[in-house]
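Here is a short tour of one protein model, written for someone who likes to look at the details. Keep the structure open beside the text and follow along.

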Amino acid sequence: MTETVSRAYDAVADLYADLFRDALDELHLDRAMITAFAAMVPAGPVADLGCGPGRGTALLHGLGLDAFGLDLSPAMIARARADHPHLRFDEGDITALDLPDGGLAGVLSWYSTIHLGPAELPRAFAEFHRVLAPGGLVLVGFQSTDEDEAESFDHKVALAYRRPVDDMAELAVRSGLVEVARLLRRPADNERPIPSGCLLARKP
């Protein structure tokens, strides 16, 4: 799955970066959650995992955090470095992070878990827990659903999954994290008709 997703995003990296450059400007609830995360996270490095072209990393940096980005797609990393040369970006797989145990104050995973299958998603949450220091925070954004179970949908770039907020919260708890807050919002006028979810959790 990882190679398929990486190649898919490599093929559309520049189009994706240009199309979604200002995506957070009108998504006030999403931006509010990221801003709250930035205000609550302890001092220390924060990783934007699945950073794409780096807009989330740049937002975190602008909010005063020591932020860096990782992404599976080499083309996305190249674009992120070109657009934000003052920030650090590396290639990385969120299910097998090349990061030390307990080295991060925070993790932002903004729609980067949506392409993970049922067997891969728990590994991602386990990695979030492993790389966070005690007291560290993780904020996960994702496409959600009003149904009781996850369902796949046509993401246009690669196969993706919509998941209930309850399921994501349960995965976080199973990985050893403690839920702090959650958000479920209706789609904005310029979005496809899919609800969005957001989960904030802490490592004890």
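## A charge over a ring

Which residue lies over the face of F68? R88 does, at 4.1 Å from the ring centre. A charge counts as sitting over a ring if NZ of Lys or CZ of Arg is within 6 Å of the ring centre and within 35 degrees of the ring normal.

Before going further, a word on what you are looking at: this is a predicted model, in which local features need pLDDT of at least 70 and side-chain atom pairs count only at pLDDT 80 or more, while totals for chains, interfaces and linings use all residues. Residues are numbered from 1 along each chain as its sequence is written, and side-chain values use heavy atoms, with hydrogens and water left out.

## The chain as a whole

The protein chain has six helices and nine strands. Both kinds of element are DSSP runs numbered from the N terminus, with helices being H or I of at least four residues and strands being E of at least two. Of its 204 residues, 52% count as buried, where buried means under 20% relative accessible area, exposed means over 50% and partly exposed lies in between (1.4 Å probe, protein chains only).

Contacts here are heavy atoms within 4.5 Å. Among the contacts in the protein chain with a separation of 6 or more, 66% come from residues 24 or more positions apart.

## The seven-stranded sheet

Seven strands form an open sheet with mixed pairing, in the order β3-β2-β1-β4-β5-β9-β8. Strands β3 (88-91) and β8 (178-185) stand at the edges with a single partner strand each, so one side of each has no neighbour in the sheet. From one strand to the next, the twist averages 15°. Two strands are taken to pair if DSSP finds at least two bridges between them.

Let us walk through some of the pairings. Strand β1 (residues 45-49) runs parallel to β4, with three bridges between the two, and D48 stands opposite L108 in β4. Strand β4 (residues 104-110) is in turn joined to β5 (residues 132-143) by six bridges, again in parallel. Here L108 stands opposite L139 in β5, while S109 has V140 as its bridge partner.

Further along, the pairing is antiparallel: seven bridges link β5 and β9, with A201 in β9 as the bridge partner of V138. Strands β8 and β9 are also antiparallel, over seven bridges, and V178 is partnered by R202 in β9.

## What surrounds the strands

How many of the seven residues of β4 are buried? Seven of the seven are, so the strand is largely enclosed by the rest of the structure. In β9, six of the seven residues are buried, so this strand too is largely enclosed.

Helix α6 (residues 165-174) lies across β5, β8 and β9 (196-202), and runs at about 165° to β8. That angle is taken between N-to-C directions on a scale from 0 to 180 degrees, using axes fitted to C-alpha atoms, for helices over the stretch in contact.

## Aromatic pairs

A search of the whole structure finds two aromatic pairs. In one, the rings of W110 and Y111 have centres 5.5 Å apart and planes at 80°, so the pair is edge-to-face. In the other, F125 and F128 have ring centres 5.5 Å apart and planes at 65°, so this pair is edge-to-face as well. Rings of Phe, Tyr and Trp (its six-membered ring) pair if their centres lie within 6.5 Å; planes under 30 degrees apart count as stacked, over 60 as edge-to-face and the rest as tilted.

W110 and Y111 are buried, and so are F125 and F128. F125 and F128 are three residues apart in helix α5 (residues 121-131), which means about one helical turn separates them.

T95 lies in the loop between β3 and β4 and counts as buried because its relative accessibility is 14%. Leaving aside residues up to four places away in sequence, T95 touches L116, E120, R123, A124 and E127. T95 and F125 are 30 residues apart in sequence and 8.0 Å apart in space, C-alpha to C-alpha.

How many disulfides does a search of the whole structure find? It finds zero, with a disulfide taken as a pair of cysteine sulfur atoms within 2.5 Å. C51 counts as buried at 6% relative accessibility, and C198 is buried with a relative accessible area of 2%.
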